[in-house]
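Dear colleague,

Please find the structure below, together with its sequence. My notes on its rings, its helices and its surface follow.

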Amino acid sequence: MMKKLILALLASFAFATGAQAAEGGIEWDRFPPEKITDMAALQHGAKLFVNYCLNCHSASFMRYNRLKDIGLTEAQIKDNLMFATDKVGDTMKVSLDPKLSKEWFGATPPDLTVITRSRSDGAKGTGADYLYTYLRSYYRDPTKPTGWNNLAFPNVGMPHVLWELQGQRAARFVERKDPHDPAKTVHVQEGFEQLTPGALSPLAYDQAVSDLVAYLQWMGEPTQQSRVRIGVWVLIFLAGFILIAWRLNAAYWKDVK
């Protein structure tokens with residue numbers, strides 16, 4: 001199990017290599033942190049993940065029956081979210097041939113179980129911030145094999161799987177003087193131009209992406225909220241115990257000269 005987890009982490013880092021290489025990319029938008037405790041958002045995110053991500057990306061460390069932790073019943077999981085297996089205790093794997101996926105996309109799509117944890121950057125933000133920005137930064141680029149490019153991940157091999165929801169956009173670039181070398185000019189992105197409408201409004205699309213990212217963040221550590229609650233009680237206990245120990249120490253040594 002540990003070996004598989006390490007391999008998944010390495011694959012996730014490979015997924016992010018292009019973005020790291022393009023260091024001059026855009027700033028990451030802030031993912032709304034309250035989403036991680038919103039059960040309705042997590043359930044919607046799970047639906048989006050199964051319908052749009054699980055076709056190519058697996059989540060081999062997450063079992064379907066774990067979705068009961070976000071308020072879904074076993075019947076709801078079986079009827080609405082299980083398309084690749086009949087057993088609710090199975091992990092979220094895909095049947096995509098790794099060799100074919102590498103041929104089609106240039107790289108094997110990474111496992112997404114821990115993608116939010118592996119993609120964090122202390123200087124720019126959390127892994128959730130990155131994914132929230134990445135999934136909202138696609139634009140049409142006819143020079144690329146897939147017809148798509150991404151501001152957060154230049155020359156990305158993954159096509160825009162959510163384009164029907166967002167619609168098709170073109171990025172507007174302008175030339176400006178390089179702040180580090182006035183003799184040079186650089187291309188700076190200034191907004192997007194909507195080419196075709198999507199099934200969702202821009203605001204609704206952003207909300208849908210935040211739901212999906214919330215689910216990905218939850219999937220990386222399903223026990224996160226329990227860990228935080230236990231940690232708070234442990235700190236409270238330790239604070240009380242320190243006070244008791246301090247008073248006991250004072251009482252024990254008060255008669256010692």
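In these notes, a residue is buried under 20% relative accessible area, exposed over 50% and partly exposed in between, with a 1.4 Å probe and protein chains only. The model is predicted, so local features need pLDDT of at least 70 and side-chain atom pairs count only at pLDDT 80 or more, while totals for chains, interfaces and linings use all residues. Residues are numbered from 1 along each chain as its sequence is written, and side-chain values use heavy atoms, with hydrogens and water left out.

Aromatic rings

There are 11 aromatic pairs in the structure. Rings of Phe, Tyr and Trp (its six-membered ring) pair if their centres lie within 6.5 Å; planes under 30 degrees apart are stacked, over 60 edge-to-face, and the rest tilted. Y215 and W218 form a tilted pair, because their ring centres are 5.8 Å apart and their planes meet at 35°. Both of these residues are buried. They lie three residues apart in helix α8 (residues 202-220), and are therefore separated by about one helical turn. Helices here are DSSP runs (H or I, at least four residues), numbered from the N terminus.

The pair of Y252 and W253 is edge-to-face, because the centres are 5.3 Å apart and the planes are at 80°. Y252 is exposed, at 61% relative accessibility, and W253 is partly exposed, at 48%. Elsewhere, ring pairs join W28, Y130, Y134, Y138, W148 and F153 in a cluster.

Two arginines lie over ring faces, where the criterion is CZ of Arg (or NZ of Lys) within 6 Å of the ring centre and within 35 degrees of the ring normal. R169 is over F192, 3.6 Å from the ring centre; R247 is over W246, at 4.9 Å.

Buried helix and core contacts

Helix α6 (residues 127-134) is largely enclosed by the rest of the structure, because eight of its eight residues are buried. Among them are Y130 and Y134, which also belong to the ring cluster.

L212, in helix α8, is buried at 2% relative accessibility. Its contacts (heavy atoms within 4.5 Å), not counting residues up to four places away in sequence, are G45, L48, F49, C53, L135 and L162. L212 and K47 are 165 residues apart in sequence, yet 8.3 Å apart from C-alpha to C-alpha.

With kind regards

Terms used. Helix = DSSP H or I, 4+ residues; strand = E, 2+ residues; numbered from the N terminus.
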